[in-house]
Amino acid sequence: MDRATYDRMAEIDQDHWWFVARRRIIASLIERHRPKPGPMRILEVGAGTGSNLALLQRYGAVDAIEPDDGARAFAEQRSGLKIKGGYLPDVPLDDGAYDLIVLLDVLEHIPGDVEALACLKDKLAPGGRILVTVPGAPWMWSAHDVAHHHQRRYTAGQLRGVFGRAGLKARYLTHFNSVLFPLIAAVRLLGKLSGKEGGDDAMPSRPVNAALTTLFGAERLWAARVPVPFGVSIAIVAEP
């Protein structure tokens, strides 16, 4: 992503409704589908500005990869962790080392998604799992995807296929950001029709931000338990 996009993320990712609510949903997915009780060894691929690292540290020891120098420096300052640079498969990682590997809205940035997942499969400890979130609904492609350098959005079938070709099978798959899906879809469609698509993550007013956080965040109550067939995003938990 562009430097300005990372800088903008660092400004808003602690308070913006999308980041806050998504972390709540990710926590519910980890707690429901964790590979084992007790502390885990966790790897985050594509840590960005480090907004998820404190959450992941609740569940065990965390390693992280982030190729962007500026974002990595910010994440290190924020978390106190030493984060690896570089791109898969060239980043040195121990085989059979991790109980849980997470890619949180990262896979859509990687040109070789199958190759990346196949590489990470070898890094899983026995019984380990991979948790991935991606943007869904390819028809919603917009200036936002372009600004964030996305390679693609996925359907559920496409995502299952990518994991299957990487030698991984889905244990659980669901859409999320479903409550707000009609509103977001309408905004995207109006933007396409008017030619005024927004590419930035604007911080709404405090009351609106609080309301959206509550609505989206409520999905933590069911996102990890009941697969939902539609939504702006998709989450998958997979294993070899």
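Trainee: Where is Glu-66 found?

Mentor: Glu-66 sits in the loop between β2 (60-65) and α4 (69-79). Helices (H or I, at least four residues) and strands (E, at least two) are DSSP runs, numbered from the N terminus. This is a predicted model: local features need pLDDT of at least 70, side-chain atom pairs count only at pLDDT 80 or more, and totals for chains, interfaces and linings use all residues. Residues are numbered from 1 along each chain as its sequence is written, and side-chain values use heavy atoms, with hydrogens and water left out.

Trainee: Is Glu-66 buried or exposed?

Mentor: Glu-66 is buried, yet has no salt bridge. Buried means under 20% relative accessible area, exposed over 50%, partly exposed in between (1.4 Å probe, protein chains only). A salt bridge is a side-chain nitrogen of Lys or Arg within 4 Å of a carboxyl oxygen of Asp or Glu.

Trainee: Which side chain of opposite charge is nearest to Glu-66?

Mentor: Arg-72, 6.1 Å away. Lys and Arg count as positive and Asp and Glu as negative; His and the chain ends are not counted.

Trainee: And which backbone nitrogen lies 2.7 Å from a polar atom of the Glu-66 side chain?

Mentor: That of Gly-48. Gly-48 is also among the residues in contact with Glu-66, leaving aside neighbours within four places in sequence. Others include Tyr-6, Ile-83 and Lys-84. Contact means heavy atoms within 4.5 Å.

Trainee: Back to Arg-72. What does Arg-72 form a salt bridge with?

Mentor: Asp-69, with the closest N and O atoms 2.7 Å apart. Both lie in helix α4, three residues apart, about one turn of the helix. Arg-72 is buried at 17% relative accessible area, while Asp-69 is exposed at 55%.

Trainee: How many salt bridges does the count come to?

Mentor: The count comes to 13. One of them joins Asp-63 and Arg-41, with the closest N and O atoms 3.2 Å apart. Asp-63 lies in strand β2 and Arg-41 in strand β1 (residues 40-45), so the pair ties together parts 22 residues apart in sequence.

Trainee: What about Lys-123?

Mentor: Lys-123 forms a salt bridge with Asp-95, the closest N and O atoms being 2.6 Å apart. Lys-123 lies in the loop between α5 (113-121) and β4 (124-135) and Asp-95 in the loop between α4 and β3 (98-104), so the pair ties together parts 28 residues apart in sequence. Lys-123 counts as buried at 12% relative accessibility; Asp-95 counts as exposed at 54%.

Trainee: Which residues do salt bridges that share partners join into one network?

Mentor: Arg-129, Arg-171 and Glu-239.

Note on methods
Polar contact = N/O pair within 3.5 Å; in protein donor to acceptor, adjacent residues only side chain to side chain.
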